[in-house]
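Please go through the briefing below with the sequence and coordinates at hand.

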Amino acid sequence: MFTNRPFLSAACALTLLAALCGCDQKMRYQPRYQPSDQSDFAAFEDHRTGRPTIEGTVARGQLYADTLLHTGKAPDGSDSSEYPFSITREVLERGQQRFNISCSPCHGRTGDGNGMIVQRGMVQPPSYHDDRLTTAPPGYIVNVIGNGFGRMFKQPQVTVRDRWAIAAYIKALQISQNADPAEVPPEVRDQATAATRPEAVKP
Amino acid sequence: MAVHFEDGGKRFVTQLFSKSANSLARMSIIIGVFTLAGAGAVGALFYRSPYYTNQNVVRSQPVPFSHEHHVAGLGIDCRFCHFNVETSAYAGIPPTHVCMTCHSQVWTEAGVLEPVRESYRTGESIEWQKVHRLADYAYFNHSAHINKGVGCASCHGQVDDMRLMFQNETLQMSWCLECHREPERFVRPKDEVFNMAWTAVDQKALGAQLVEEYDIQSKVTCTTCHR
């Protein structure tokens, strides 16, 4: 029976095929790193594969030569009231979106300082509608986002352009909260009052 | 079955097997086929089983981080923590600093958060266990999906219900292809990508419209994902 050639070769082929299953693992996890994998290279004591920049060096694309854009400071060192790029409707909408993601959990959607996290025990930030902050230039807000303020941690994950967009949006928010209803064009007045009613604001 | 011998012109015919051998032979063929098919089926079941795919398997983490609590309870947007998801292939796990923006003030005494505080003090990363992991021979990209209106929930399920994170789908090729063949069945408006509660009123009409609007292609060539 075992001299039956086709049978023998079929059996061999099947056995080899079955053995192939064993190859899966090495192809699955190849000897290369993905972000947030652990490195076993001895010199990297923290085992991170994503290496922090070495002190005194600048990574490509991370040269912050544009002081105004990156720090919010005017050439004389004061907080800038000028924006590094022009503020269009798109920028404001971007600012609104980013504000709602990054700031509203604490500062609240309207900037009153009563966000959800504050209700759960976070120290209460001042309202954006305090006089001190309504007069603060946008560069000040950019600076607070980048460097933090008091018990507020800095938010380095917010990109610099988004910091300016958020600042512009907060400035618009301040105007809107202190707006005189008479100045609102009649055709959008109903819309505006509906949007500021608390129950219409999504959590 | 009979065996024939040729011997000096004389011919003998001997009965080697009894009659019942016939049905035995048939039986063994049938049993053989069933065993092979059964083995195949068991193999296929195993291949799709959570044991192999890790679907629905909860991993123990250094900190019992609850998406349910932070997303549904506190209303925090995915992008507060997974801030790279719109611009890069990897969604990324938030660094300790992000937890500490709140937990420097909230739940500062909680024992469960000690690993977070320790990580912040020492600069050592928290060792989060990976929940999703594709085979390295497949390429995946988050931003390519987010910017074409594929919602997190379409792939990760109801994250806002998860006390502990688990993988909601098999992540096998057949699963990817199910959507890549007919993306119109799954896409949603870009504004709703991060909304865990969104459902379509009329997916058929909406899907067709979005595929047009966002120029969504059905990408099924092998090199889309194996490059």
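Chain B of this predicted model reads β-β-α-α-α-α-α-α-α-α-α-α-α along its sequence. That pattern holds 11 helices and 2 strands, where helices (H or I, at least four residues) and strands (E, at least two) are DSSP runs numbered from the N terminus.

**Conventions**

- Residues are numbered from 1 along each chain as its sequence is written, chains are lettered from A and ligands numbered from 1 in the order in which they are written.
- Local features need pLDDT of at least 70, side-chain atom pairs count only at pLDDT 80 or more, and totals for chains, interfaces and linings use all residues, while side-chain values use heavy atoms, with hydrogens and water left out.

**Dimensions of chain B**

- Along the principal axes, the C-alpha atoms of chain B fill a box of roughly 105 × 50 × 35 Å.
- Buried residues make up 32% of the 227 in chain B (buried: under 20% relative accessible area, 1.4 Å probe, protein chains only).
- Of the contacts in chain B between residues at least 6 apart in sequence, 63% join residues at least 24 apart (contact: heavy atoms within 4.5 Å).

**Helices α5 and α6 of chain B**

- The axes of α5(B) (residues 96-103) and α6(B) (residues 114-122) come within 10 Å and cross at roughly 115°; axes are lines fitted to C-alpha atoms, for helices over the stretch in contact, and angles run from 0 to 180 degrees between N-to-C directions.
- α5(B) and α6(B) are therefore roughly perpendicular to each other (65 to 115 degrees; under 35 is roughly parallel, over 145 roughly antiparallel, the rest oblique).
- In this pair, T96(B), H97(B), C99(B) and M100(B) of α5(B) meet V116(B), R117(B), S119(B) and Y120(B) of α6(B).
- By class, the contact of α5(B) with α6(B) has 4 nonpolar, 3 polar and 1 charged residues.

**Helices α8 and α9 of chain A**

- α8(A) (residues 138-147) and α9(A) (residues 160-177) have axes that come within 9 Å and cross at roughly 130°.
- That angle makes α8(A) oblique to α9(A).
- From α8(A), P138(A), G139(A), I141(A), V142(A), I145(A) and G146(A) meet R163(A), W164(A), I166(A), A167(A), I170(A) and K171(A) in α9(A).

Definitions and conventions: Ala, Val, Leu, Ile, Met, Phe, Trp, Tyr, Cys and Pro count as nonpolar, Asp, Glu, Lys and Arg as charged, and the others, Gly among them, as polar. Buried means under 20% relative accessible area, exposed over 50%, partly exposed in between (1.4 Å probe, protein chains only).
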